[in-house]
Every structure is written in C-alpha cells, then in structure tokens.
Amino acid sequence: MGDAKAKFDEKERKKLEIRKRLEAQMKSTKKKGFMTPERKKALKNLLRRKAAEEVKRQQEIRERERQKAISERTGKPKPTHDSNEAALIAICKEYHNRIYKLNEEKWDLELAVCLKEYEIQEIQSRVNDMRGKFIVPPLKKVSKYQTQLEKMRQWTYKLAKMDMRGGLKPVKKEYELDDSKLVSDRIGSKIGQYFLNKIDSFQCLIN
C-alpha cells in the first residue's frame, strides 16, 4: 500500500515538472508585440507630418481659389500711365458698370438672405407652438420716470371719476355744507375752515 502511494506521488511530481518546463519554454519562445514603443513613436511622427502636409495643401488650394475669385471679379489692372483722356474715361465707365452690377448682385443676395431668415423664424415659431414652448418676445426698455408718470396719470384719472359724496357720512339737516357759520360754531373756526377747504377741493375734482 505504501509503495503504490509512493509511485503515485512520483508520477504527479514528474507531471508537475514537465508542465513547468513546457510553460517556461512557451514563455521564452513567445514573440514580442509588433507595436513596440519605438514603432509607436515613429508612426505618431509620421501621422503628424502627413497631417501638417495635408493642412498646408488645403491652405494653398483655398488661397488659389481666393486669388482666382478676386481676379474674376476685379479683373487685371488697366494701364493708366500712357493713356489719354478718352481711354481713361472708358476705363472709368467700365469700372462704374462693374460696380453697379456687383451692387445689384449684392442687393439680390441680401434680399434672399432676409427671406430665408424670415422663413427660418416662421418655421421655428411653428415648431415651438407645436411643442407648446413659449418664447418670451424681446421687451422694449422703458425708463422708470415714464412709468411713474403713467401711474400718476392713471391715479388722477381714477380719482377724478370717483364719487366722493357717496363715501361721506350723512349729517343732520340743520348743518349744511354751504353754511360756514354753523360748522365753525360746532367744531371750531380753524377745523371748520379746513374741512370746508377739503370739501371744495373734492368738489373741484368731481367737476
């Protein structure tokens, strides 16, 4: 029994040694990665150089197109050093006609742009209405002084329409508003005069 167990342990030990040796061989024979740090750096520099060349080429193309458009619109410079008066007049007329034509094209383009902007605003307003979104319109700035004047004007207008007599308390018949002597005898000369002045001012407002 002991010999069988020893043989089994020996086999397991040999298997483990063989497995370790094979793993070590596989690690030693494993190929390195293709993208090494040096290759990555070289590739990055190459891409940068290509991108810079492409940007420069695009700039040159745009500059050539710009010069071509300018030459088509303005034309070549006219010789004016050795020209007589008739030639100069003809050159001026030619430039005038060209400027007039360019202004016409400019106005047509501006009108087309305005129409497109108006259509875009209309479409945006329709979309916002469909979504239920309300856009606050641009409000006109009003000075504080004007608002105060408008409030005072409205207050005076309402005050002029108010019925002051309806809010007064009823008095006895023996005391009339026009009889200043009775009122002054009852509540004093100074207070009576003040009360009568107030009534006169209210009557002026009502009238």
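Visitor: Why is Arg-66 called partly exposed?

Guide: Arg-66 has a relative accessible area of 47%, and the classes are buried for under 20%, exposed for over 50% and partly exposed in between, computed with a 1.4 Å probe on protein chains only; Arg-66 therefore counts as partly exposed. This is a predicted model, in which local features need pLDDT of at least 70 and side-chain atom pairs count only at pLDDT 80 or more, while totals for chains, interfaces and linings use all residues. Residues are numbered from 1 along each chain as its sequence is written, and side-chain values use heavy atoms, with hydrogens and water left out.

Visitor: What makes the contact of Glu-63 with Arg-66 a salt bridge?

Guide: The term requires a side-chain nitrogen of Lys or Arg within 4 Å of a carboxyl oxygen of Asp or Glu, and the closest N and O atoms of Glu-63 and Arg-66 are 3.5 Å apart, so the pair qualifies as a salt bridge. Glu-63 itself, at 39% relative accessibility, is likewise partly exposed.

Visitor: How do you know that Glu-63 and Arg-66 are separated by about one helical turn?

Guide: The two residues are three apart in helix 2, which covers residues 37-74; helices here are DSSP runs of H or I with at least four residues, strands are runs of E with at least two, and both are numbered from the N terminus.

Visitor: What makes Arg-13 and Glu-17 a salt bridge?

Guide: Their side chains meet at 2.8 Å, N to O, which lies inside the limit for the term, so the label applies. Both residues lie in helix 1 (residues 2-29), four residues apart, about one turn of the helix, and Glu-10, Arg-13 and Glu-17 are linked in a network of salt bridges.

Visitor: Which label does the pair Glu-94 and Arg-98 receive, and on what distance?

Guide: The closest N and O atoms of Glu-94 and Arg-98 are 3.7 Å apart, and the pair forms a salt bridge. Glu-94 has a relative accessible area of 33% and is therefore partly exposed, as is Arg-98 at 27%. By this rule the count comes to five salt bridges.
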